[in-house]
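Please review the structural briefing below.

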2 protein chains.
Amino acid sequence: MIKFLKLSSYQKALSFCELFLPIEVYEEINVFELNNRVSFEDVFSKFSLPMSNRSSVDGFAVFSEETFGSSENTPVLLKLQGEQKVNDPPIEVKKGGCVRVATGSSLPDNSDGVVMIENAKISGDFVEIYKPISYFENVLKKGEDFKEGSVLVNKGKRINFRDSALLAAAGFETIKVYRKPRVAIISTGDEIISYKEKISVTKIYDANGPLIANGIGKYAEAFFLGVVKDSKKDLEEKFEYAIENCDCIFISGGSSVGERDYIEEVIKNFGEVIYHGFLVKPGKPLLLGKRNNIPIIGFPGHPLPVMIHLNLVGIPVLKKLGGDKNYYPKSNKGILGDPVFSIPGRVDLIMGYRKDNLIIPLLSKSDYISLAAKSEFIIKIPEDREIILEGEEVEIYLWD
Amino acid sequence: MIKFLKLSSYQKALSFCELFLPIEVYEEINVFELNNRVSFEDVFSKFSLPMSNRSSVDGFAVFSEETFGSSENTPVLLKLQGEQKVNDPPIEVKKGGCVRVATGSSLPDNSDGVVMIENAKISGDFVEIYKPISYFENVLKKGEDFKEGSVLVNKGKRINFRDSALLAAAGFETIKVYRKPRVAIISTGDEIISYKEKISVTKIYDANGPLIANGIGKYAEAFFLGVVKDSKKDLEEKFEYAIENCDCIFISGGSSVGERDYIEEVIKNFGEVIYHGFLVKPGKPLLLGKRNNIPIIGFPGHPLPVMIHLNLVGIPVLKKLGGDKNYYPKSNKGILGDPVFSIPGRVDLIMGYRKDNLIIPLLSKSDYISLAAKSEFIIKIPEDREIILEGEEVEIYLWD
């Protein structure tokens, strides 16, 4: 009557992403909209930046050796020979002279350094230099930012806004990026009502659909296929649609044994169940399956374990499908401020926040959505620990 | 001929956001698309969750005192009186008995705790209980997650994916959020060419337009108004459009004194220049102005200072306009791994990354975009420091 699951180590869930390959399909995206997209190829620069030596300050281009010995009291006098306009090719400096330059302008020919404007003063046809400079001081040398033929972003890198500046500076108007994986989201549960209906003691509103859709937005495109109410046929129809149109299936719910049974059955008809049940709290009934390269995750019904396993198992899978080479969840270490207790043999995942640089666990009976909303990260109590005392180091996973 | 700016403390730039008020305009957004939006109002729950006492585990609802004294060797025997279905209102338990419950099902009437399935075993018409429970153990009490009339999210809170689950569980199909501020982005510079043109030694591609558009995407809507080539009239036209249609103006460029002059002039015609020039490196010529509640930021021409001041000055302003109560840049402390040098009297902002939990500065002549792309954060060297040695604590600002 009551089925005991054959529980797997949670380590298997954490490495579920390894079973899948990136979907090698690209789209060409304008450089104004690259943030957070994953580069589909190694992007090589077509020229060097800067293309010539440039001044990195406002000031005067000089022969550096002619500034030696200068000081506030004994300035060196150099003849002002002209101005290097930002848009002009390099003009020339002759011995005993200097040329005014602005940040970014070409370094005048022959000169080998720039005296900053703060350390000089124009005095008639001359410039008083108050401070010596070293060889090529305040000069950005040709190719110092990047050299022709060097890689600007690697295939599989998630592009940040600084990368987008680099790519734009290198003259790319568009970049090939991985298409975002498409995720079919299905909520199940006889007790779920629509937002139009009035709540009652035996009913709940669906939190998991919005939770998953919002949680994956950075990494994937969400397709909410709706709520399945305890009907195997309805779930099969949604699976058929999902397999035709999506790259990944995230189901939530099925808190009763009967429900979980038919969800497992449907997955087996369409693909395979790889793990069902983990040595972890919360979220023991987590179900992981697949059909070819389509990951299928059956999350538990309560939103808290959905959040946790979406973060630690679901999003890494989506990153992997989406070409991101850096797909594991971001973890960190910290010193515990309060003791935590667990049961050896299972991983405990506890909400937490930071206070005075200490990790404070948000202990509770387990299931508060309001608590998760306030938490800053997830604290991991490994399988081999029964208690971790304050002052000990723990691993934390940041919310994605 | 050369204008020395009257330089302001960088602290003034960091608090520029304080000069502006949130734009009190909302839009109603579906709960599936709330991530990263800012709540326009305090959202109150219309009911308590859970609405009644519920089991937080799979197991057997009991009178807790009847489990006292039970153990592996001396189990307590309780009559199995039925099953509490998740969707049914509470049934009743009678003394000497128990009722099977699933995670999330209502707690049967009279019972005051749940024995986990792992600590019990069905044996004919009876259940053997192997472990005592305390009063209301494994029960989620009515209203323990949130109570009717409590605030789920406050006005001015940026909603994360866990908040969206909370709001959905509380039955909200839509939420009022602040409209994202609209940002006019203008690049200036005679030397800027379009992506269609071939690069030459005196020309550059515009990196700042894409940089700003990508950098602000999470907080604002970007309107790129194009490149102005050293034409006051062209800039005035773009300003007119921007003031009519946008909430904020971000200009970049103007590396030559002449260019900066006409940018300053145009800002003065449309509004006021509040600061021009800061005691900071890089990005000394940063210009901050406004027209009523419209912030106007004139970034320098080089992408590196644009990145830094976009992060530390520009984005906080956008967060403030967008209603976010938590608008200051996220800062953190860390231990320096290598010494850094500065000039007292100015703030130095240096790229950095973390290695073995130490803060490593990416020292360079200053201006590498490629370096910024690789960096993880900005290290701040305060005005009163000339040198900070390895082992000392520094403040870092995380990239937004």
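Is B:Lys196 buried or exposed? B:Lys196 is exposed, because its relative accessible area is 68%; exposed denotes over 50% relative accessible area, buried under 20%, and partly exposed the range in between, with a 1.4 Å probe and protein chains only.

This is a predicted model, in which local features need pLDDT of at least 70 and side-chain atom pairs count only at pLDDT 80 or more, while totals for chains, interfaces and linings use all residues. Residues are numbered from 1 along each chain as its sequence is written, chains are lettered from A and ligands numbered from 1 in the order in which they are written, and side-chain values use heavy atoms, with hydrogens and water left out.

**Salt bridges**

- B:Lys196 sits in the loop between β14 (192–193) and β15 (204–205) of chain B, and A:Glu173 in the loop between α2 (161–169) and β12 (174–178) of chain A, so the pair joins two chains. Helices (H or I, at least four residues) and strands (E, at least two) are DSSP runs, numbered from the N terminus.
- A:Glu173 is partly exposed, with a relative accessible area of 29%.
- Within chain B, a salt bridge links B:Lys95 to B:Glu65, where the closest N and O atoms are 3.2 Å apart.
- B:Lys95 belongs to the loop between β5 (76–84) and β6 (97–101) of chain B, and B:Glu65 to the loop between β4 (59–61) and β5 of chain B, so this pair ties together parts that are 30 residues apart in sequence.
- B:Lys95 counts as exposed because its relative accessibility is 54%.
- B:Asp163 and B:Lys157 also form a salt bridge, their closest N and O atoms being 2.5 Å apart.
- B:Asp163 is buried at 2% relative accessibility, whereas B:Lys157 is partly exposed with a relative accessible area of 29%.

**Positive surface patch**

- A:Lys218, A:Lys330, B:Lys218 and B:Lys330 form a positive surface patch.
- Patches are made of residues with over 30% relative accessible area and no salt bridge, like charges being joined within 9 Å and nonpolar side chains (Val, Leu, Ile, Met, Phe, Trp, Tyr) within 5 Å.
- Lys and Arg count as positive and Asp and Glu as negative, with His and the chain ends not counted; the place of a charge is NZ of Lys, CZ of Arg, CG of Asp or CD of Glu.
- Accessible areas come from the Shrake-Rupley method with a 1.4 Å probe, and for residues only the protein chains shown count as cover.
- A:Lys330 occupies the loop between α6 (303–321) and β22 (331–336) of chain A and is exposed, with a relative accessible area of 64%.

**Strand pairing**

- In chain A, six of the seven residues of strand β13 (residues 182–188) are buried, so this strand is mostly covered.
- β13(A) runs parallel to strand β16 (residues 221–228) of chain A, joined by seven bridges; two strands pair if DSSP finds at least two bridges between them.
- In this pairing, A:Arg182 stands opposite A:Glu221 in β16(A).
- β13(A) also runs parallel to strand β17 (residues 248–252) of chain A through five bridges, and A:Val183 stands opposite A:Cys248 in β17(A).
- In chain B, strands β8 (residues 120–123) and β9 (residues 126–129) pair in the antiparallel sense over four bridges, with B:Glu128 in β9(B) as the bridge partner of B:Lys121.
- β8(B) and β9(B) form a hairpin with two residues between them, and B:Gly124 in the turn has a positive phi of about 65 degrees.

**Backbone geometry**

- The peptide bond joining A:Leu49 and A:Pro50 is cis, with omega about -10 degrees; A:Pro50 lies in the loop between β2 (43–44) and β3 (54–55) of chain A.
- A cis peptide bond also runs from B:Leu49 to B:Pro50, with omega near -10 degrees.
- B:Phe136, a residue other than glycine, has a positive phi near 60 degrees and is buried at 14% relative accessibility.
- B:Asn292 likewise has a positive phi, near 50 degrees, and is exposed at 62% relative accessibility.
- B:Asn292 is located in the loop between β20 (287–291) and β21 (294–299) of chain B.

Note on methods. Salt bridge = Lys/Arg side-chain N within 4 Å of Asp/Glu carboxyl O.
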